[in-house]
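Biologist: I have a structure open and want to learn to read it. Can you take me through some features?

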Amino acid sequence: MARTTIDRLIINSPYEEPVRHWNYDQSTRSFDLADGRRAAGYLIASESSKSFDDPGEFREIPLVNQIRPRVKAWREAGYPGVTGITKRLLEHWRDPEEFESRRFFFCQLEAAETLIWLAEASDADKVGVEIPTDGGAFRRLCAKMATGSGKTIVMAMVIAWQVLNKVTYSQDSRYAKNVLVIAPGLTVKSRLAVLEPSNQENYYDEFRIVPSDLFDKLRQGRVLIHNWHTLNWETEERIARKRGVDKRGAKSDEAYVREVLGDMARARNMLVINDEAHHAWRVPAESKIRGVAKADIEEATKWIGGLDRINKARGILACYDFSATPFAPSGKQSSEEALFGWIVSDFGLNDAIESGLVKTPRVVVRDDALPNAKSYKSRLYHIYNDDEVKDDLNRPAQAEQALPDLVINGYYLLGYDWRETARNWEAASSKTPPVMITVANRTETAARVKHSFDHRKIRVEELC
């Protein structure tokens, strides 16, 4: 272990298991380049993390750290206990000749292997592995993967594994050939169309997920992709409160399933995949969570409640959750949000950065852009909690309403650095410019940001 400052962020191959990681030492405020893989876990805010240069407190995910070495040993032993179809897929995905020009990332293979291991490895291999439930009647398993690490490809791998096994071994109850994929928004739903085998741009072809001679078998499966709104349902109590002529009662589970599943309505024991599954959490009995918007509670209720109804009427074999941030609101401080207890694999943002899977972030506060630039550090780091902007940025507002001065100055500091970086890269004959990305807390804020750039409110002309 060598103590140093960070001179490079990418220290691992994206195609191999990480062999080193950057470890932060709070006492010295420096980083160690440590041998070995980072433990599965996540960072939470702490008292010390209110400081600009403290990333927060690291919390391990014990279940993942228990499962990881077992999956690795199983992989290195040649995947004992799996079916012929599964063995062929696993070997195909790791075939260096088949994927010489475009290999799967390690995190993608590990996420798929972990779900397969839980279904097909021997009971002896899994002794002591207890996966909590969310309190519902169907089983949920979560793959935690950083945004940008290729979750959709893993979904395609999992679908191929399930469908091909069910078509080949029709009596095996571990598999399903009917798959329901739930997305949190229309944009995501459109993006997930690549999971349909009949789609011209499907991932099974594009990424050669399935050997060509097995594609006809894959087509015997069905993949239905829905936005969560499709799961909408109403209780008898809510219907009774409505005023109007239409006094029809709530739909029966049977009628509900026929409407939601359409051509797949006769399917039983289907596989469910939740994309961006942090939207899908089970709401407590009191149906109120302090600090959580009513719309978010309604979405979670409709999403999970709808799956409960499908499970009751048709049966859900398993539910695979994919999310970069699988937290359920707890109503407490953000540091106490409830991480999904059923996370079985984890490849977080730090792992993705160190493996070169996502854009390399650059934290910028320039000392030469504004006279008082240094005073902005901690304020910009916790901008949504800053006293001067908290109320302003957390309310509905028209696009033309001016952004707070702190936000404008923050963009100027970022934009100033972006411009200098762009000029330096251009002088070095770089064909790719630096990119500045904004993630806003609400759509109204995003519209105000866009309006500010469109109308030259940010004093960096090239960026506008």
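Modeller: Start with two helices, α2 and α3. Keep in mind that this model is predicted.

Biologist: How are packed helices described?

Modeller: Two packed helices are described by the angle between their axes and by the distance between those axes. Here, α2 covers residues 84–93 and α3 covers residues 106–120. They pack at an angle of about 165°, and their axes are 12 Å apart.

Biologist: Is α2 roughly parallel or roughly antiparallel to α3?

Modeller: Roughly antiparallel, because the angle is over 145 degrees. The crossing of α2 past α3 is left-handed.

Biologist: Which residues make the contact?

Modeller: From α2, they are T86, L90 and W93. From α3, they are L109, A112, E113, I116 and E120. By type, the contact of α2 with α3 has five nonpolar residues, two charged and one polar.

Biologist: Now cysteines. What is a disulfide?

Modeller: It is a covalent bond between the sulfur atoms of two cysteines.

Biologist: Is C142 buried or exposed?

Modeller: Buried, because its relative accessibility is 0%. C319 also counts as buried, because its relative accessibility is 0%. The cut-off for buried is under 20%.

Technical notes: Residues are numbered from 1 along each chain as its sequence is written. This is a predicted model: local features need pLDDT of at least 70, side-chain atom pairs count only at pLDDT 80 or more; totals for chains, interfaces and linings use all residues. Side-chain values use heavy atoms; hydrogens and water are left out. Buried means under 20% relative accessible area, exposed over 50%, partly exposed in between (1.4 Å probe, protein chains only). Axes are lines fitted to C-alpha atoms, for helices over the stretch in contact, and angles run from 0 to 180 degrees between N-to-C directions. Helices (H or I, at least four residues) and strands (E, at least two) are DSSP runs, numbered from the N terminus. Angles under 35 degrees count as roughly parallel, over 145 as roughly antiparallel, 65 to 115 as roughly perpendicular and the rest as oblique. A crossing is left-handed if the near helix is turned anticlockwise from the far one by less than a right angle, and right-handed if clockwise. Contact means heavy atoms within 4.5 Å. Ala, Val, Leu, Ile, Met, Phe, Trp, Tyr, Cys and Pro count as nonpolar, Asp, Glu, Lys and Arg as charged, and the others, Gly among them, as polar.
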